[in-house]
Structures are given as structure tokens and as C-alpha cells.
Amino acid sequence: MEKISPAPLLDALIRIPSVSVLTNRPLIEFVENELSGRGWNFLELPYHDSRGIEKVNLLATPPWQKANEFAVDLALVCHTDTVPYSAEWNEAAAPQVIGDSMHGCGACDVKGFLACLLAALLNMPEAQFASTIALVLTAEEEIGCVGARYLLQAGLLRPRHVVVGEPTSLRPARAGKGYGLAEIRVFGTEAHSAHPAQGVSAIYRAAKLIGKIEEYGLSLGNASVAESAHIFDPPYTTFNVGTIEGGTAKNILPGECMFLLEWRPLPGDPMGQIPGIVQGMVADLQMNDPGFRYELNVLREQPGFETAAESPLVRRWTEISGRGAIGVPFGTEAPLMSTLADDTIVLGPGDMRTAHSPRECVSLAELDLCVAYLTELLEHPMEPAP
Ligand SMILES: [Zn+2]
């Protein structure tokens with residue numbers, strides 16, 4: 001059997017545009033086509049987005065496993081969508097090899113990993129598979145893991161171990177920070193600025209609250225951090241006030257000020273913790289300013305994930321690749337998938353620092369290494385037989 005290499009597969013995958021807003025069906029069908037020649041079974045889990053466009057999650061299993069049975073040793077999870085790209089990037093869906101790397105939208109996030117999965121799965125004869133597996137493709141990861149949430153709701157997938165594809169330069173990422181975003185609206189009372197005592201500035205109030213948030217963030221940076229947090233850089237929850245707006249004119253005390261507060265919590269931090277802390281800060285401010293009024297609207301709150309350093313999957317991938325475990329600062333489907341499995345890791349070829357930009361690329365040598373490592377993972381059971 002002729003060995004299938006990942007580069008031509010990646011070239012073909014990049015040529016199928018799959019920006020989150022589009023239907024991902026063409027990409028799903030490409031994968032089905034590749035695997036159906038080997039008799040794989042497919043279960044499509046389609047849904048429609050808010051604009052009525054079809055999105056498809058796919059569960060695929062090899063022909064020697066029972067069809068539609070997804071209680072498996074290992075799930076290989078990969079999202080199918082990409083972020084949007086600028087109209088000036090002519091080669092976004094027309095990949096080019098420059099030097100040792102393939103460039104194009106999705107090259108490393110995350111069609112590179114998908115190409116490696118397909119190559120590994122297509123090249124391996126049945127007898128070499130040591131574990132039961134499922135290939136899991138999801139839609140709309142880049143806009144908030146929408147597809148993965150539908151997939152979990154369906155309740156079909158029950159893996160012991162999960163590998164989630166994202167570019168980590170092939171290092172096993174065993175932890176990821178969570179993500180929180182809230183819109184905070186602070187109210188004042190408008191008045192002519194020549195008579196400030198007639199009103200209350202919402203901007204001054206917001207500034208005091210923001211000052212407290214900044215102080216709190218700095219205090220976390222100065223506090224001693226837990227051993228387990230050292231996998232992250234920086235090893236504590238970080239905050240950002242990304243935008244602020246308020247007021248109507250230079251000579252009016254502003255009646256309203258709104259800002260966006262973003263935070264990236266450590267795994268294990270309870271949901272609602274940061275909104276609760278902000279509430280406490282406002283209570284402090286109300287001691288001197290009983291009329292301080294505000295609204296806090298949580299727009300997003302996702303937990304992080306953490307897999308033990310000694311877990312079978314982390315140990316195996318470290319042995320295979322010779323690469324040490326890391327934590328990732330970016331969002332992935334791992335927190336969702338980790339609710340299903342004993343252990344979850346994130347890995348894939350390429351570097352996220354090139355992703356979400358026209359610099360996106362992946363090294364061809366790393367693609368080949370990834371196929372070799374995946375093959376090794378699939379060829380040996382996760383734990384030695386008792
Ligand atoms: Zn991704």
C-alpha cells in the first residue's frame with residue numbers, strides 16, 4: 001500500500017473554505033470520501049445556525065468497530081472551521097509551500113492536524129490499531145465551541161482519553177486557562193458641568209471601580225502562586241479592560257459609562273467567582289457613595305481544564321515525542337471534552353502565534369513527525385496490560 005503523506009491532504013483541505021459562517025459540509029464530505037474507501041462508518045450530527053445555515057458534527061469509526069458505538073478508548077477531536085481572513089490575503093484558500101512550510105488559512109489552526117490524522121488513519125492496517133477510536137469533527141469552534149456543545153448535548157461520545165487538535169508545536173498541552181467576558185455599565189446623574197454638585201459622574205465612578213480591578217489583578221501577580229499554576233505564563237488569572245465608552249458632551253456630567261472586562265482564570269476557579277469579586281468591590285465603593293449603581297452582564301464564561309501530569313495520555317505523548325507538557329493560554333474545546341474523559345490533551349503541528357493572521361503556516365517536517373507520533377500512539381495501548 002502506498003503511503004499517504006499529509007501535505008497533499010492539507011493542500012486539499014485548505015482549498016475548501018470553511019470560515020465559521022459558511023457551512024462546513026464540503027469539508028466533512030471530503031473527510032468521509034477519504035475514509036469511506038476503507039469502509040469507515042459515519043454518523044453526521046447536523047444542526048442549523050441562527051441564520052439557517054447547516055453545520056455538521058461528525059463521528060467516524062473504523063469498520064472493525066461496532067457502528068454507532070462511541071464508548072471508545074481514544075477520541076481524536078478536530079474542529080473544521082477557520083477564522084475569517086482579509087480580502088487582501090489572496091492565498092488564504094490557495095496554499096503555497098514556501099521553504100519548509102505550507103501557508104494558507106487553517107494551515108496550523110487546525111487543518112494541519114486533520115491532515116495528519118487522516119494520513120495516520122489511512123496508512124495503518126487494522127491489525128496495528130491497539131485501541132478503539134473515534135474521529136470527531138466539530139463545527140464552529142472559532143465562535144465559541146458551538147458545535148462541541150451540540151455534540152455534548154447529543155450524549156453519544158464516551159471516550160476514556162481525548163486528544164484535541166490545536167497547534168502546540170507537537171507538545172502535549174495538559175492545561176488551559178478559562179475565559180470570561182462581562183459588560184459593566186455604571187450609572188451617574190447628568191448635570192451641567194458648571195454645577196458638578198447637581199449630578200454624579202458615571203465616568204468617575206467607573207474609574208474608581210476600574211482602579212480596584214487593576215489593583216486586584218496586580219495583587220494576584222504579587223501573591224505566591226500554587227505549584228500547579230506554574231504550567232502557565234503568567235501563572236495567575238489575568239484581567240483586561242478592553243474598551244470603555246461613556247458621556248455625551250464635554251460640558252455634561254456623564255450619566256453612563258460602559259466598559260468590557262475580560263479575564264482568563266486558572267483551571268479550577270469556580271464560575272461566577274470574578275463577577276462576585278466585582279460585586280464586592282462595588283459594595284466597598286457604596287460605603288462612601290451609597291448611590292453607586294451598576295449592571296454587570298456576563299457575556300461569556302468558560303472554565304479552563306487541567307489534566308494531571310502523570311495521566312496516561314500526557315505520559316505517552318511525552319515519551320513518544322520527547323516533548324514536555326505545557327499549558328496553553330488560548331481557548332480550545334478541551335474544557336468541554338475533559339468533562340467526558342479521564343484525560344484530555346491538546347496537541348498539533350504548528351504554532352498558534354502564526355494563526356489567525358496571513359502569516360499562518362505549518363512546517364512540512366512537523367506534519368510528517370505528527371503522523372509518526374499519532375501512529376505510535378494508535379499502535380500501543382495507553383496503559384500496559386495488567
Ligand atoms: Zn483552532
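This is a predicted model: local features need pLDDT of at least 70, side-chain atom pairs count only at pLDDT 80 or more; totals for chains, interfaces and linings use all residues.

A: Two strands count as paired if DSSP finds at least two bridges between them. S6 and strand S3 (residues 74-79) run parallel, and 6 bridges join them.

S6 has another partner, strand S2 (residues 54-61), and here the pairing is antiparallel, over 3 bridges. Look for Ala 60 here: the residue opposite in S6 is Leu 135. Strands of a sheet can pair either way, parallel or antiparallel, through backbone hydrogen bonds.

Now for the side chains of S6. In a regular strand they alternate between the two faces of the sheet. In S6, Ile 133, Leu 135 and Leu 137 point one way, while Ala 134, Val 136 and Thr 138 point the other way. Both sets are buried, where buried means under 20% relative accessible area. That makes 6 of the 6 residues of S6 buried, so the strand is largely enclosed by the rest of the structure. For comparison, 50% of the chain's 386 residues count as buried.

Zooming out, the chain has 9 helices and 16 strands, and its C-alpha trace spans about 85 × 50 × 40 Å along the principal axes. Among contacts with a separation of 6 or more, 80% link residues 24 or more positions apart.

Next, an open sheet of 3 strands, ordered S4-S5-S16 and paired antiparallel. Its edges are S4 (96-98) and S16 (361-363), each pairing on one side only. From one strand to the next, the twist averages 30 degrees. Strand S5 (residues 101-103) is held to S16 by 3 antiparallel bridges, and Met 102 has Val 362 of S16 as its bridge partner. Helix H9 (residues 364-379) packs on this sheet, touching S4, S5 and S16, and its direction makes about 65 degrees with that of S16. Helix H1 lies across S5 and S16 as well, running at about 10 degrees to S5.

H1 (residues 6-14) also meets helix H2 (residues 25-36): their axes come within 10 Å and cross at roughly 150 degrees. Angles over 145 degrees count as roughly antiparallel, and H1 and H2 are therefore roughly antiparallel to each other. H1 passes H2 in a right-handed crossing. The contact uses Leu 9, Ala 12 and Leu 13 from H1, plus Leu 27, Phe 30 and Glu 34 from H2. Sorted by class, that contact has 5 nonpolar residues, no polar ones and 1 charged.

Last stop: an open sheet of 4 strands in the order S10-S11-S9-S12, again with antiparallel pairing. S10 (238-246) and S12 (293-302) form the edges, each pairing on one side only. Neighbouring strands in this sheet are turned by 15 degrees against each other on average, direction ignored. Inside it, S9 (residues 179-187) and S11 (residues 256-264) pair over 8 antiparallel bridges, with Phe 187 bridging to Glu 256 of S11. Helix H5 (residues 202-222) lies across S9, S10, S11 and S12, at about 15 degrees to S11. Helix H6 (residues 273-288) lies across S9, S10, S11 and S12 too, at about 165 degrees to S12.

Technical notes: Residues are numbered from 1 along each chain as its sequence is written. Side-chain values use heavy atoms; hydrogens and water are left out. Axes are lines fitted to C-alpha atoms, for helices over the stretch in contact, and angles run from 0 to 180 degrees between N-to-C directions. Helices (H or I, at least four residues) and strands (E, at least two) are DSSP runs, numbered from the N terminus. Angles under 35 degrees count as roughly parallel, over 145 as roughly antiparallel, 65 to 115 as roughly perpendicular and the rest as oblique. A crossing is left-handed if the near helix is turned anticlockwise from the far one by less than a right angle, and right-handed if clockwise. Contact means heavy atoms within 4.5 Å. Ala, Val, Leu, Ile, Met, Phe, Trp, Tyr, Cys and Pro count as nonpolar, Asp, Glu, Lys and Arg as charged, and the others, Gly among them, as polar. Buried means under 20% relative accessible area, exposed over 50%, partly exposed in between (1.4 Å probe, protein chains only).
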